[in-house]
Amino acid sequence: MHDPVDSSGFDEALERAARLVRASQRLAVLTGAGISAESGLATFRGAGGLWEGHRVEDVATPRAFEADPALVWRFYNLRRANLAKVLPNPGHHALVQIEQRFQDGFTLVTQNVDGLHQAAGSLNVLEIHGALRRVRCTGCGRVEDRGVEALSELPSCRHCGALLRPDVVWFEEMLPPGVWSQAERAVQRCQCLLVVGTSAVVYPAAGLIDQARRWGARVIEVNLAMTEATASVDVALHGPSGTILPDLIKRL
Ligand code: APR
């Protein structure tokens with residue numbers, strides 16, 4: 001734990017993590033909702049994970065959208081509006097500094113749809129679950145970046161008039177194949193995978209951790225708590241990513 005009682009153990013783990021990062025030519029990072037928690041965005045599985053009494057899993061599926069698109073859009077419009085109020089935190093900024101150190105040998109794979117990595121200045125970002133700022137037409141398939149503009153409860157395509165949907169990956173849907181294969185390639189080629197703020201329960205994303213291990217990479221986890229991945233990682237750093245990642249950089 002990242003607390004004073006266990007500070008010597010934590011310090012040693014931090015040093016081991018820094019050594020693994022320093023020894024790598026290629027570094028991949030996998031982030032989840034936890035890295036944005038300190039920016040003020042709620043995680044999915046924390047605090048009951050409910051929105052207006054619905055489980056997130058029940059409003060983020062193709063079936064839910066078919067049954068009640070206005071309900072699903074209310075959920076996403078709220079999340080889009082929240083983006084206007086939040087800023088990247090020191091955890092996001094630390095990853096920008098790490099990328100500058102590795103340059104071409106760095107890939108950031110994120111499950112987040114909030115765009116905060118790019119807002120911080122990260123360049124090589126793979127958004128495997130899509131982006132809240134983008135919409136996709138259910139008719140003509142056009143994808144558009146609408147920023148944080150307020151959309152109606154049933155927004156329609158400017159080109160063909162069909163219903164728009166958020167350009168995010170819902171439960172039961174495939175991940176965008178191009179982006180996904182780039183993510184797989186990055187974890188297969190890296191010497192070290194840094195896993196930050198994910199519960200590691202949603203597949204196929206969580207499977208990137210197993211892939212990295214199978215291809216010989218060392219894995220570092222940064223999380224407030226133990227996760228499904230903790231038992232199989234090389235170094236687990238428990239605490240807030242907004243503190244731990246800047247601390248890690250100081251050791252590089
Ligand atoms: N620092 C580090 N870790 C944190 C912090 C923090 N400040 N706050 C929370 N966490 C950790 C939690 O302990 C938890 O393990 O972040 C994790 C968040 O887990 P989830 O809410 O399950 O988010 P995530 O893993 O990104 O979910 C995966 O599921 O709902 C879908 O598509 C959605 O991309 C999402 C996917």
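Which residues does Ser241 touch, not counting residues up to four places away in sequence? In this predicted model, Ser241 touches Gly34, Ile35, Glu38, Gly91, Val196, Val222 and Pro246. Ser241 is found in helix 10, which spans residues 241-250. The relative accessible area of Ser241 is 5%, and the residue is therefore buried, the limit being under 20%. Helix 10 as a whole is mostly covered, with 7 of its 10 residues buried. Besides Ser241, the buried residues of helix 10 are Gly242, Ile244, Leu245, Asp247, Leu248 and Ile249.

A polar backbone atom of Ser241 is 3.0 Å from a nitrogen atom of the ligand. A nitrogen atom of the ligand is likewise 3.3 Å from a polar backbone atom of Leu224, and an oxygen atom of the ligand is 3.2 Å from a polar backbone atom of Gly197. Taken alone, the ligand exposes 740 Å², of which the protein buries 90%. There are 22 residues around the ligand, and those that come nearest are Phe44, Arg45, Thr198, Ser199 and Asn223. By residue class, the shell around the ligand divides into 8 nonpolar, 12 polar and 2 charged residues.

Two backbone features fall in the loop between strand 9 (192-196) and helix 9 (207-214). Most residues other than glycine have a negative phi, and most peptide bonds are trans. Ala200, placed in this loop, has a phi near 55°, a positive value in a residue other than glycine. At 5% relative accessibility, Ala200 counts as buried. Pro204 is found in the loop between strand 9 and helix 9 as well. A cis peptide bond joins Tyr203 and Pro204, with omega about 10°.

A positive phi is also found at Gln103, where the value is near 50°. Gln103 has its place in the loop between helix 6 (90-102) and strand 4 (106-110). The relative accessibility of Gln103 is 57%, and the residue therefore counts as exposed, the limit being over 50%.

Strand 8, formed by residues 164-168, is mostly covered, and 5 of its 5 residues are buried. Strand 8 pairs with strand 6 (residues 130-137) in the antiparallel sense, over 4 bridges. Within this pairing, Leu164 in strand 8 is the bridge partner of Cys137.

Conventions
Residues numbered from 1 in each chain as written. Predicted model: local features only at pLDDT ≥ 70, side-chain atom pairs only at ≥ 80, totals over all residues. Heavy atoms only, no water. Near = heavy atom within 4 Å. Polar contact = N/O pair within 3.5 Å; in protein donor to acceptor, adjacent residues only side chain to side chain. Areas by Shrake-Rupley, 256 points an atom, 1.4 Å probe, with all protein chains shown as cover. Nonpolar A, V, L, I, M, F, W, Y, C, P; charged D, E, K, R; others polar. Buried < 20%, exposed > 50% of the residue type's maximum accessible area, 1.4 Å probe, protein only. Contact = heavy atoms within 4.5 Å. Pairing = 2+ DSSP bridges.
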